[in-house]
Each structure stands twice: as structure tokens, then as C-alpha cells.
Amino acid sequence: MPASPTAVPPLLPGRPTSTQEAWVEDLCRHLFVSFNRADHHLKGEQYLRGLLTAPGRKSIRNIARTLDDTGAAQRLHHFICNAPWNWRTVREALADYLIALTRPRSWVVRPMLIPKSGTNSVGVHRHFVPATGQLVNGQLAYGLWYAGQSFNVPVDWRLHLQPPTAGLPVPDDDGVPQILELVRRAANAAPGAAAPVVWDSQMRHAGEVISALAPLGLPVMARTPGSLPLQLVDRSGRPTRRGALPAQRVLAAPERLGLQVHDVAPGVRAVLARVVPVRPVVSGRSGESGRSGESGERGEAGELMLYAQRYEDPAGPAGPAGPAGPAGREGRGGPGARADFWLTTPTRRSPVDLHQFTRTAAYVARDSVRIGGRTGLRDFEGRSYEGWHRHMTLASVAYAVQSLTGLDAVRAERGPHQRLRPLPHPYAYAPSRPYHASRERTGGPPLSLAG
């Protein structure tokens, strides 16, 4: 078990890089204790520094150029693709390191699409992205992110590998096994009071997956489409007589349904309701006694909570001309109004708390592009599955160095008791294309990617 950090590197004034060296040394000392060979420790540190300093893409060749050594590229390639060091142990040590600094507010699971021009890299196949209506060639990875009070870091990854015989684009729900593995990792990462898991990947089977995760004892919050049919539940736990309603209709007219509207932030209104997700049941299967064989019958999952919020402020980068666009409006509201929908396990948390969890997911989405682009999260080039995981592991460590160094700079400038960052602008997803239209084009359910 790797040692816990005994002291945080000092907070020094100056440029954002003033404490970077201290974090690199401290992280290497604690994360590489499982390396049995001294040269592995050296190469790991060289690779980490290269991820932080190499210009352009963080390829092995560019990282090697920072060492001014003609044989460095071959040695680093062997270290990443063939050397027998355990990337799982390093990831566990990274999570332990961050938890020792401060316990997470939540764990965020989200997909990341890595476009690729060719087919030689591991895990490359075609994916349908509803937000753009395009088929994209690339890798689909799922990341588990430690989300603290003021920074976030990816601590685990799963790469989606398409079965060799499959020829269709990968539907979104095919990633469920990878996400379940990541959630189980979060359940075991921090003993004591469980931090909630925010599953920032829009899937139509979110309700069923949340129910499957109930034995882990983790609070789970999962993004879901506004078109998902839901059955409202009254205070006694009985379904209401209104029948199934799409989540977006619940948000559009909460007063008619006897639901309270909460002002969770300036320009953001939210509804919290007890619901049962309604899913279609295929009749006539063996073991379904008493069924008539008619199609369209419904089955119900366990009781959950619907948290739905609407951004009514048209200003900001995600306004009518931004990522959500005019077609991104779900529910009702003024010009530029946008909405997103989440299912959660039964919870006593307030709507304001749930809103903050969605903001945490927004921070991760933003930083995965901003910081991830500077630390090589999308830059591995190679056919090795183990090599991809080793690169992503060290890129995650570089991400931690960048995040912690930036946090030090903010603290030095504003003081330790100042708010470390302003609240982000409203964040919402572009809605997926109609389900039937996406199915016709891709041969499967629509893929709603967060990355």
C-alpha cells in the first residue's frame, strides 16, 4: 500500500509553475513506490516531466525530445508499452494521495471521445455523436474523476473495446460495464462516509443501472434524457394516476403536478420529485407467465428521485449560439433557456446540494479539455492496450500536478481563505437526436457523449 503524503509542498508566491517542481517530486516519491527497478522510477519521472513540458502533442517522440538524448525515444517506448510495471497500482496510489490531501466532494464518471485519423491505435472504431449528427472515428474512454472542493483529477480509466465481429457504431449503453467498474472503484477508494458518484453520461438505462448499484451503498446521480418516461410517486409511495410523463414535461409544468420549484442559483430553477422510471417490457418471453404477448406493456424499476433544472439566463457562452444552441432547449423558458435532467438514488440532500454536484460535473467537463489538452490525455499513439493505460496513468499524474500547481498560484494571489474560483456559467448539454432517427442511422440507441 503506497504511503500517504506526509506533508504538502509549501505554497510559494509567484508564477503558476513556482510549486510545480515540488509537486512532481512529491507525487513521484509516493506514486512510484511499487516500481521494483530504479530505472523505472527514472523513466516514470522523465515521462511525467515530458508530459508537462513537451510542446505540441504529448507523443513519446516529442517527450523524448525534451531529454536531449538520441536513445530516449526507444527507451520510453519500451517503458510505456512493454515494461512490467503495474499501472493499476499507480492509479490506486494517486487516488489515495488525493484523498489524503482532502476527501472528495464527489466522484465524477464521464466518457471522453478521442478522435483518431486512422485505425492503427488500440480501441479505434466509429461512434455517432448526436450533438453534431456525425460519425466520428476514434477511441471511447470512460474516466473516474476525483472532484474536490477546488480541483479535480482523473484517477482511473476504462477503454471501450468493440467486439471484433461487430460492424456497427458503438451505442451509448455498451459502455455500462466500464462505468460500473469505475463506480465500484469509487466505492472502495475512500472508506467512511461515501461521496456521491455523479455519472455524467446521458443514458436511457440510467434508472436500471442506479438500481444495480444500490448494494454498493453509494449515492449515485446520473444524467438522463428529458424524453425518459417517468411515473410520479406520491408521499405514500404509490404511483399517481397521471400515467407516465417525460422528464421534460415534469419540469415544464411542475405546479400542475403539485411540485415545488426551487431557485438553486441565479437564473437556475429546479424541481425534485419522487419517480419510478418506466421501461418497455417485451412480452411473450419464456418465464413471463400471465402475459398476453401484446407489445407496449410497461415494467417499472425501483423508486428514484428526478432532479431537473432549467437555466433561464440567456447570457453566457452556452447561450443560444453556444453548444446547446436553439435546439438545445428542453422544457419551457425564455430565449436561450436550457435544461438538464438527472436521476438520483433516494436522497435527503437539498436541491441546492444537487445543483452543486451538477456544477462539479461541469468543472470536470471543462477541465478535461483545458488541462487534459496540456497533459496529453488524448495524445497516445500506439496499438498497445497496456501502453494506452500506462500513458493515461502518467497523463493523469501530470493532470494532478497542473491542477495542484494552479491551485497554489490562486491561493498565493488571493489568500488561503478567499474563494478559489468563481461559479461557472450555466452548463447544459445539447440534446440527442430523436431516438427513432438515431436508431435508423446507427443501428442502435443514440450515443450522447460528454467529452
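Is Asp 408 buried or exposed? Asp 408 counts as buried, at 1% relative accessibility. Keep in mind that this is a predicted model.

Where does Asp 408 sit? In helix H10, which covers residues 385-414. The side chain of Asp 408 has a partner there in the model: Thr 19. The two side chains are joined by a polar contact of 2.8 Å.

Now the aromatics. How many aromatic pairs does the structure hold? The count is 8. Take Phe 79 and Trp 85, whose rings are stacked. Their centres are 5.1 Å apart, with 20 degrees between the planes. That pair is called stacked because planes under 30 degrees apart fall in that class.

Both partners are buried. Phe 79 has a relative accessible area of 1%. Trp 85 comes in at 4%. Each counts as buried because the cut-off is under 20%.

A second pair is Tyr 146 with Phe 151. This one is tilted. Centre to centre, Tyr 146 and Phe 151 are 5.5 Å apart, and the angle between the planes is 35 degrees. Tyr 146 is buried, and Phe 151 is buried too.

Phe 79 and Trp 85 belong to a cluster linked by ring pairs.

What sits over the ring of Trp 85? The charged end of Arg 390 does, 5.5 Å from the ring centre. So Trp 85 stacks with Phe 79, is buried, and has the charged end of Arg 390 over its ring.

Notes: Residues are numbered from 1 along each chain as its sequence is written. This is a predicted model: local features need pLDDT of at least 70, side-chain atom pairs count only at pLDDT 80 or more; totals for chains, interfaces and linings use all residues. Side-chain values use heavy atoms; hydrogens and water are left out. Rings of Phe, Tyr and Trp (its six-membered ring) pair if their centres lie within 6.5 Å; planes under 30 degrees apart count as stacked, over 60 as edge-to-face and the rest as tilted. Buried means under 20% relative accessible area, exposed over 50%, partly exposed in between (1.4 Å probe, protein chains only). A charge sits over a ring if NZ of Lys or CZ of Arg is within 6 Å of the ring centre and within 35 degrees of the ring normal. Helices (H or I, at least four residues) and strands (E, at least two) are DSSP runs, numbered from the N terminus. A polar contact is a pair of N or O atoms within 3.5 Å; within protein, one must be able to donate a hydrogen and the other to accept it, and residues adjacent in sequence count only if both atoms are side-chain atoms.
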